[in-house]
Amino acid sequence: MSLITESALRAMQKTGIPTPFFLGKGDILTPAAADFLRGRGIQVKAFEEQPEEELAVQTPREIPLGVSNRHVHLSLEHVERLFGKGHSLTPMRELSQPGQFACEETVTLVGPKGSIHGVRILGPARTQTQVEISRTDGYVLGVAAPLRMSGDIEGTPGLVMVTGRGTVVLEKGVIVAKRHVHMSVQEAQQFQVQDGDTLILETQTDRPIVYPDVIVRVDPRFALDFHVDLDEGNAANVKTGDRVKVIGKNGRFYSDYRR
């Protein structure tokens, strides 16, 4: 049993208190410590432990991280409406996922309250247009984008996209992307997970954060990468190329994890 006091939490402030704050089996939070966390907006969660033989497995324990800024995926129809008939997106640099690239082309996003210029388009073109922004971007634009997995755009808001050659009034497709991990089939086998499972990940910076419910997406075309948006990256003081530690899966810590 471990008694967690306010003084212990204050000492943890030097390196950063994980958010949410997890209570292990037998941990007891004093009333003063609970008030301390509540006053700082830090949520307290408890995880059920699994038998050691189930989760003390020899799997890879680190995943590379990518911080994703606001961007747009365009359908072929919208590529032509914004840049002219027959236009093809121009690759500028490759991205972490095979076959995907940042484009030379950019658009201006216009919402009810404001606009954001120079928003990068990612290629290749898709079957439907999707705009991925952060919650902060939503405040600037005046668009209440919901938290969604990529491709899940039914019931989402739209906005206006503008270039020097055309305009698209988008009826739906604006989301805040839910954090997720890309894995190939072979990598999923190494991490002992399946498509749709969740991982518990922990950053390794001076502002440590635990992500308790990171969706695993498995596809033969994918390469190992953990994606967060700019707001989440800034909150944890991480950057593209950093690595996060795998400390559990499907809502339970690995037996050898120690806070």
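The chain has seven helices and 20 strands, where helices (H or I, at least four residues) and strands (E, at least two) are DSSP runs numbered from the N terminus. This is a predicted model, so to speak of local features a pLDDT of at least 70 is needed, side-chain atom pairs count only at pLDDT 80 or more, and totals for chains, interfaces and linings use all residues. Residues are numbered from 1 along each chain as its sequence is written, and side-chain values use heavy atoms, with hydrogens and water left out.

Along its principal axes, the C-alpha trace spans about 70 × 40 × 30 Å. Of the 259 residues, 46% count as buried; buried means under 20% relative accessible area, exposed over 50%, and partly exposed in between, with a 1.4 Å probe and protein chains only. Among contacts (heavy atoms within 4.5 Å) with a separation of 6 or more, 69% come from residues 24 or more positions apart.

Next, the domains. The chain splits into domain 1 (3-46), domain 2 (68-177) and domain 3 (179-253), with bounds that come from an automatic or database domain assignment. Taken over C-alpha atoms, the centres of domain 1 and domain 3 sit 24 Å apart. Eight residues from domain 1 and seven residues from domain 3 take part in the contact. Between them, domain 1 and domain 3 bury about 570 Å², 70% of it on carbon and sulfur atoms. Buried area here is the accessible area (1.4 Å probe) that two parts lose on being put together, summed over both.

The largest pocket holds about 1100 Å³. Its lining takes in 49 residues, and the closest to the pocket centre are Ser 68, His 71, Gln 100, Leu 122 and His 227. On a 1 Å grid over the protein atoms alone, a pocket is an open set of points with protein on both sides within 12 Å along at least five of seven lines, whereas in a cavity a 1.4 Å probe fits but cannot get out; lining residues have an atom within 4 Å of a point. Grid points are joined across faces, edges and corners, and the volume is the space filled by probe spheres set on the points. Because domain 2 and domain 3 both give residues to the lining, the largest pocket lies between them. As for make-up, the lining residues divide into 16 nonpolar, 19 polar and 14 charged. Ala, Val, Leu, Ile, Met, Phe, Trp, Tyr, Cys and Pro count as nonpolar, Asp, Glu, Lys and Arg as charged, and the others, Gly among them, as polar.

Strand E9 (residues 115-126) gives the most to that lining, with five residues. Strand E9 is also where Pro 124 is found, and a cis peptide bond, with omega about 0°, joins Gly 123 to Pro 124.

Gln 192 sits between helix H6 (185-191) and E16, and its phi is near 55°, a positive value in a residue other than glycine. With 37% relative accessibility, Gln 192 counts as partly exposed. Asn 250, in the loop between strand E19 (243-249) and strand E20 (252-253), has a positive phi too, near 50°. Its relative accessibility is 42%, so Asn 250 counts as partly exposed. Arg 207 belongs to the loop between strand E16 (198-202) and strand E17 (210-218) and, at 46% relative accessibility, counts as partly exposed.
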